[in-house]
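Please walk through this model with the text below, starting at the ligand and moving on to the sheet.

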Amino acid sequence: MLKDSDAPQDSAVNVKQLLDLTGRVAIVTGGSIGLGRQMAEGLAEMGANLVLCARKAERAHQAARELQQLGVKAISLACDVKDQTSVQEVVDATFSQFGRIDILINNAGISWGAPVEEMRLEDWNKVIETNLTGTFLCAQAAGKVMMRQGRGKIINIASVAGLGGAPPELPAIGYHASKGGVISFTKDLACKWAVHNIQVNAIAPGWFPTHMSNRVLERYKELFLSHIPLRRFGNEHDLKGAAVFLASDASNYVTGHVLVVDGGQSAW
Ligand SMILES: NC(=O)c1ccc[n+]([C@@H]2O[C@H](COP(=O)([O-])OP(=O)(O)OC[C@H]3O[C@@H](n4cnc5c(N)ncnc54)[C@H](OP(=O)(O)O)[C@@H]3O)[C@@H](O)[C@H]2O)c1
């Protein structure tokens, strides 16, 4: 249990205090590797305690061990965001360990590549259930705790893929549909839960090299780079600021927003 003195203070006035996350408690789904790991690190660098969850417990455990080196509390839990019972267990374990939940980053996600006419229903369902239903289940379970607290921050990781279509060489219609759904979900939930002082926002990353994207980035590197005004892919720090901003009191008047972090790709 955290002490009352760790509780977020509303009296913060300068911008360093507004961005400070000392003592806050954040759940990061899919926090074991990739973008989830990067955002978890950013929150920890600003002082937040972390609960990292993913299906492969050992990778999440390893990430938690590494992030503890930053001087925060970090635990890992095995979780499948498609499974309501598993999600509730993470929320219950977080509450019993830390006494509250300040921040939820719905980052766990997968993709499946197949032309539309060949996409199997089971593969479509896997993507929708992980990316969209998983986001709903986690928001619902953690949101009930946030409502009781009278405050909370939910950050849904969408994608620039949720803003539009892609050429046939990039066949991932379930992924696009799920991320478009995450964006609409974010806006509607922001309207619904503003009354509880819960800010709900999304981040829409462009291309970042990770386990999920590496293969396609290697294949289409030059083509993709030619569509990115900053002429590079996202790096291991480029998402931290966006995540910290939306997790902190600096964004208390921002809700229902989609923060695009894509090197200008969607600005062409
Ligand atoms: N990389 C990009 O270019 C890019 C661009 C835009 C948006 N995004 C989004 O950013 C998020 C992270 O992507 P990434 O590139 O970092 O992918 P990644 O490296 O493949 O990491 C995905 C993470 O999600 C976890 N995960 C997957 N399915 C899960 C489930 N059912 N339950 C719990 N955890 C699950 C994975 O752990 P386990 O396998 O152990 O479960 C892993 O920790 C995704 O939502 C993705 O759509 C990525």
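In this predicted model, α2 supplies the largest share of the shell around the ligand, with three residues. The shell as a whole has 30 residues, and the closest to the ligand are Gly 30, Gly 34, Arg 55, Lys 56 and Gly 109. By residue type, the shell divides into twelve nonpolar, 13 polar and five charged residues.

The sheet comes next. Seven strands make up an open sheet with parallel pairing, and their order across it is β3-β2-β1-β4-β5-β6-β7. Which strands stand at the edges of the sheet? They are β3 (74-78) and β7 (258-261); each has a single partner strand, so one side of each is left without a neighbour in the sheet. On average, and with direction ignored, neighbouring strands of this sheet are turned by 20° against each other.

Strand β1, residues 25-29, and strand β4, residues 103-106, pair in the parallel sense over three bridges. In this pairing, Ala 26 stands opposite Ile 103 in β4.

A helix also packs on the sheet: α6, residues 173-193, touches β5 (152-157), β6 (198-205) and β7. The direction of α6 makes about 165° with that of β6.

Methods:
Residues numbered from 1 in each chain as written. Predicted model: local features only at pLDDT ≥ 70, side-chain atom pairs only at ≥ 80, totals over all residues. Near = placed C-beta within 6 Å. Helix = DSSP H or I, 4+ residues; strand = E, 2+ residues; numbered from the N terminus. Nonpolar A, V, L, I, M, F, W, Y, C, P; charged D, E, K, R; others polar. Pairing = 2+ DSSP bridges. Axes fitted to C-alpha atoms, helices over the stretch in contact; angles between N-to-C directions. Contact = placed C-beta atoms within 7 Å.
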